[in-house]
Amino acid sequence: MGTVVAKLLLPTLSSLAFLPTFSHACDGPGLSVLCFMRRDILEYFSIYGTALSMWVSLMALADFDEPQRSTFTMFGVLTIAVRTFHDRWGYGVYSGPIGTAVLIIAVKWLKKMKEKKGLYPDKSIYTQQIGPGLCFGALALMLRFFFEEWDYTYVHSFYHCALAMSFVLLLPKVNKKAGNAGAPAKLTFSTLCCTCI
């Protein structure tokens, strides 16, 4: 249980070190004095970081070996940077990386299914990881693009929670490149709460 909590809280705690550069911190009362960068630069990196994390998470799900993994990651880094620069508020910032990654994953998995002559990955991966992860991702994007004007503070917070849950569910539970670290984490109520923090 302790390792699960540590894995979930580490990104949150590490992001606190960069609090002065977050555009959301600049919106808060009394925190604007911490913001030393222009608002448009902060917004760019906030949106770029979100889109890039979607790309990297989906590429981790594809489970490529080197040099394909590095090539696809760099492709995402460069194309998302350019796309975010040209229009950071449009749907394309997120739909481009998601659509391209889903297409790449589908091609790879179809090849594996053809080789294996069966379902790849196992049915449990689809029902316990991919299905719920895509549902949370779809919920996050719906909150971001269709419901934010209701009450920005709460809806945007729920958007971040849903997006974090999507990443937790979609990321592979075993890193084959790093060896076996024990049993994969299970999704429990406490895990869900810690992800949203």
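UniProt positions are given in the numbering used here, with shortened feature names, and the annotations may be inferred rather than shown by experiment. This is a predicted model, where local features need pLDDT of at least 70, side-chain atom pairs count only at pLDDT 80 or more, and totals for chains, interfaces and linings use all residues. Residues are numbered from 1 along each chain as its sequence is written, and side-chain values use heavy atoms, leaving out hydrogens and water.

**Annotated spans**
- The unreviewed UniProt entry records "transmembrane region" for residues 41-62, 91-110, 130-147 and 153-171.
- Residues 41-62 are 100% helix and 0% strand, with end C-alpha atoms 31 Å apart.
- Residues 153-171 are 95% helix and 0% strand, and their end C-alpha atoms lie 27 Å apart.
- Helices (H or I, at least four residues) and strands (E, at least two) are DSSP runs, numbered from the N terminus.

**Helix 3 with helix 5**
- The axes of helix 3 (residues 39-62) and helix 5 (residues 92-116) come within 9 Å and cross at roughly 5 degrees.
- Helix 3 is therefore roughly parallel to helix 5 (angles under 35 degrees).
- Axes are lines fitted to C-alpha atoms, for helices over the stretch in contact; angles run from 0 to 180 degrees between N-to-C directions.
- Contact means heavy atoms within 4.5 Å.

**Thr84**
- Thr84 sits in helix 4 (residues 68-86).
- Thr84 is buried, because its relative accessibility is 0% (buried means under 20% relative accessible area, 1.4 Å probe, protein chains only).
- Beyond four places in sequence, Thr84 touches Tyr44, Ile47, Tyr48 and Val93.

Note on methods
Parallel < 35°, antiparallel > 145°, perpendicular 65-115°, else oblique. Buried < 20%, exposed > 50% of the residue type's maximum accessible area, 1.4 Å probe, protein only.
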